[in-house]
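Thanks for asking me to look this one over. Here are a few friendly notes to read with the model open beside you.

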Amino acid sequence: MADYDFKQLSSYDFEILVRDLLQKELNLTLESFKTGRDKGIDLRYSCNENNTIIVQCKHYANSTFSDLQNAIRGEKEKIKKLNCKRYILVTSLGLTPPNKDILKSILEPYCISASDIFGKDDINNLLTKHSEIEKNHFKLWLTSTTIMDRILHSSLYNQSDIELDSIKNKIKFYVQNKSYFKALDILNKVNYCIITGIPGIGKTTLAEILILHYLEKGFEIYKITNSINEAFEMYKPSKLQLFYYDDFLGQTSFEEKLNKNEDAQILKFIEWTRKNKNTKFILTTREYILNQAKLIYEKLDNSNFDINRCTIKLEDYTRVDKAKILFNHIYFSNLPIKNKEEIIDNRRYMRIINHPNYNYNPRLIEWMTISYREGICNDYFNEFINLLNNPYKLWEHIFENQLHSYSRDLLLILATLPNGVYIDELKESFEAFHKHKAKLYGSQIKDNDFRNALKELDGNFISNQKFREKIFISFNNPSIRDFIEGYILNDNDNLKILITCVVYFDQIKKLLSLIANKCNINLRLYENVMIEAIDRCFESIELSSLNNSSIIKYTNTLSERLYLIINLLIKLKLSSINLIQKLFLKVFDNIDYFELDEFLSLIKLMKKTEYKQLISNNFISNRIINIIMLNYRYEELYGFDIIRKFYECYPNTLTQVDLDNIRNYFINFYKNDIDYMIESTETYDELDDYKEKLKDIGDFLSINLKTELETLEKEIEEKKKKEMKEPDFDYNIDNHEKVMNDSLEEKMIDEMFESMLEK
């Protein structure tokens, strides 16, 4: 049985729900009938000029019976003027039989029976009786007991009432638009979807709503926090699983997130997902970051991301969608009634809804209605319009005029570090920057500046979380990081000092990435300090970060670090033979067998650049082959693959005799290994991966493996048939894009906002 408290519904949502339920229950059509604020009619049925049935909706879920009783007494005179034959009262407040009797006595003779008074339990009974209505009102079923129980027991969420309240609260503000239906359709057809869009447009929210949809379908949910390897570890093709990778290319640049070879691994996991209806894969990223990544990573560029992605655009929000977003945020906010009236009077909400600036997005609406004001603002509407005209003015004013210098310094430093950084590492970075600035400008600092900055910023600009006796600091809102990063790039002095004072490799990587993404920046101002910073921090310790209740180490081998630096220098159109030579020697001196894969990828990159002269020395190739031969195991596929990659980099190093010997070893290896792999490999995807590696090595050694590969393919198909179990999904996606002319749109929007100040 349905059991809702209806607190997640606005008054307008509640009225639409009541209309749908009573139309089904009474088998007639009710029309919305607004005659102006507080005129006593919400819905009516009339076959002639007389009002046959009048329905009054009272959304009193957060009120008392005494409040409702007083309101109904005030309705009596209005009902007389309506001259209706039957009056139905529907309220979201729970009612006892005595409560109904009291209300009936007030409403007589227009209320014929106590059965024409519907309380919370009666509405739930109707929802149980007409379950299809429940499905059409997504705010209801997304917070149903079934879904909330599944959230509570899902590893994706903390198991607490606070987390459940947070989810319910987010749903209150969400407005379905065509992006939801497009994403759901893509997931239905190909099982994965990449959600892209500008910051603040609602990518993460859309992903979370889709997750709730699949929770209701019985899927287990897994959030990927660090790398795609987590998905491979948890993947069970016979189970209903959804994998969620938020900001999979990083929040501000792809260099921040995409690990070595992860582009290929992501595409591989997508291919697994595409073939298995039991698995769904949702990824989110910002549009410009995806475009940048595709310029660097050929495999991403050649993939079908463009085909199977859902890009949320401002155009996806119809005027009615924008109206609902604004309405929901104002309705559920704690804005003073004076400020709400300021938006509603003279239909000023239409100026906000019709605002031409691209900055109209859910995040800004949330800020102006939920986060921005705690008291009455005497010019609230104009401030709202000014924010839409230039949203960064808001942060800029607070940053430059309301914060102490130590707090500004902390925010600047935090933007150079991974979000959710360990407080001790933040403090070390802050003090290096803060002290250098004080010395440079002759200003005074105090020992407690770091502590005071945390205190001033906590809860507004930053948040802290304690985990395993350690404290981690993060930005309170992604838009704050966006602003700080933009501020850094437009402040030559602070940018140069930040580069000069970096403590960790991840800081210089972040700053170089920001600069690389900025157009029309004078790189000569920073070239020398960048080279010095890269050299100084190249071997710094790895940073810790808290992500989804797990501590992540931002681990990069020295080979991977140099790979990133070379890519960034190429993008910045800078050159430093001396620096790269010095760093390459550091990498080379520390190389071992288990890092050869990354090292050979670095060699392959350098061969395409001006740094190819640094790797042409025979000593380098001889050292690599010696490491291989000292550690090589003829029973491991990895060893043969390393030799293949080495040969791609140094094709003249191995003689024909060497290749013949390796070929013989491989023949003995694969003949003895294929049967074992077929018997011991549990899943088809593992066997498929084995087959692809075997094929690459066979091509390298000119060995015809056609028969063996066909055998493996047959085994893969057999295992796939056993593992694959098609779930029985019932997709019933309504067409969101309904044609509505301007007059109907405005009528609907006006009715919505008129209902805000009514009860």
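1. A helix here is a DSSP run of H or I at least four residues long, numbered from the N terminus. Please keep in mind that this is a predicted model. With that in hand, look at helix α36, which spans residues 706-723 and holds glutamate 713.

2. Is glutamate 713 buried, exposed or partly exposed? Its relative accessibility is 29%, so glutamate 713 counts as partly exposed, given that buried means under 20% and exposed over 50%.

3. Which contact does the side chain of glutamate 713 make with lysine 691? The two side chains are joined by a polar contact of 2.7 Å. Along the sequence, glutamate 713 and lysine 691 are 22 residues apart, while their C-alpha atoms lie 7.9 Å apart in space.

4. Next, have a look at strand β13. Strand β12 (residues 462-467) pairs with β13 in the antiparallel sense, over six bridges. Two residues sit between these strands in their hairpin, where arginine 468 adopts a positive phi near 50 degrees.

5. Strand β13 (residues 470-475) also runs antiparallel to strand β11 (residues 421-422), and two bridges join them. Phenylalanine 472 is a handy landmark in β13: tyrosine 422 has it as bridge partner, and glutamine 465 stands opposite phenylalanine 472 as well.

6. Finally, the cysteines. How many disulfides are there? The count comes to zero, taking a disulfide as a pair of cysteine sulfur atoms within 2.5 Å. Cysteine 111 counts as buried because its relative accessibility is 2%, and cysteine 193 counts as buried at 0%.

Note on methods:
Residues numbered from 1 in each chain as written. Predicted model: local features only at pLDDT ≥ 70, side-chain atom pairs only at ≥ 80, totals over all residues. Heavy atoms only, no water. Pairing = 2+ DSSP bridges. Buried < 20%, exposed > 50% of the residue type's maximum accessible area, 1.4 Å probe, protein only. Polar contact = N/O pair within 3.5 Å; in protein donor to acceptor, adjacent residues only side chain to side chain.
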